[in-house]
Amino acid sequence: MTLAPPAHDRGITTLTLDSPANRNALSARLVGELSGALAGCAADDSVRAVVLTHTGSTFCAGADLTAPPEPAAFVALMRTIVALPKPVVARVTGHVRAGGLGLLGACDISVAGPGSSYALTESRLGLAPAVISLPLLPRLDPRAAARYYLTGERFDAAEAVRIGLVSVAGDDADKALEPVLDGLRRASPQGLAASKELVTATVLRSFDSHAEDLIARSAALFASDAAREGMTAFLERRDPAWVL
């Protein structure tokens, strides 16, 4: 299993990415297991909200380059999170890279601890943050998105809050999470679903308008010679040929 068994506490179901051997990278298996778990949460009336968290020092390292999911499957997972009629809250205490930022962008609220860090590293692999743009671009500061899409620089939790990727950062992620979960427990299921529809409408329009094009673009990039060199260099722990 790449996903720990769900945990339930007073209406909150916690789903934990639990594949530390590959830093919780987005494999086809992880995407499938998480999609199934979210479908179960959607159908369970006892679930008021979902917390998405992780084991180990990495929330999600992006795509598993040895067993990546189909782009369409990952897009479907992100859309499931956005369209779920229950809030999904990310709890991040580790590193987030590339496609992992797509998971954060799809979540309604994200809470981060001081040890978390973030980077959109696709351009350094001959790729681009194609399908993860669907939830990210409607939510990120445009100038910050341009900088981090192009440079692949790493940034911290405070910067993630400033640019709109993370909702709140604190010295203790669990303490920062407490008022969020208390608020969700005090809200009615109908109120949560109707309120979520309002705040996700723009993001869902992004999926409906651009998903097909970005899936094709992602597939073409992954099949390119430049991406093969970038991914091979990454796996071999060397600089790709284009580094100056």
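Which residues form one aromatic cluster? Tyr118, Tyr148 and Phe155 do. This is a predicted model, where local features need pLDDT of at least 70, side-chain atom pairs count only at pLDDT 80 or more, and totals for chains, interfaces and linings use all residues. Residues are numbered from 1 along each chain as its sequence is written, and side-chain values use heavy atoms, leaving out hydrogens and water.

**The aromatic cluster**

- There are two aromatic pairs in the structure (ring centres of Phe, Tyr or Trp, the last by its six-membered ring, within 6.5 Å; planes under 30 degrees apart are stacked, over 60 edge-to-face, the rest tilted).
- Tyr118 and Phe155 are stacked, at 5.7 Å centre to centre with 20 degrees between the planes.
- That pair ties together distant parts of the chain, with Tyr118 in strand S8 (residues 117–119) and Phe155 in strand S9 (residues 154–156), 37 residues apart.
- Tyr148 and Phe155 have ring centres 4.3 Å apart and planes at 35 degrees, so this pair is tilted.
- Tyr118 has 0% relative accessibility, so it counts as buried (under 20% relative accessible area; exposed is over 50%, partly exposed in between, with a 1.4 Å probe and protein chains only).
- Phe155 is buried too, and so is Tyr148.

**Helix H1**

- H1 covers residues 28–43, 16 residues in total, and spans 23 Å from first C-alpha to last, close to the 22 Å expected at 1.5 Å a residue (1.5 Å times one less than the number of residues).
- Its buried residues are Leu30, Val31, Glu33, Leu34, Ala37, Leu38 and Cys41.
- Down the axis of H1, these buried residues fall within an arc of 165 degrees (by directions from the axis to the C-beta atoms), so they line one face of the helix.
- The buried residues of H1 pack against strand S2 (12–17), strand S3 (49–54) and helix H2 (71–83), contact being heavy atoms within 4.5 Å.
- Helices (H or I, at least four residues) and strands (E, at least two) are DSSP runs numbered from the N terminus.
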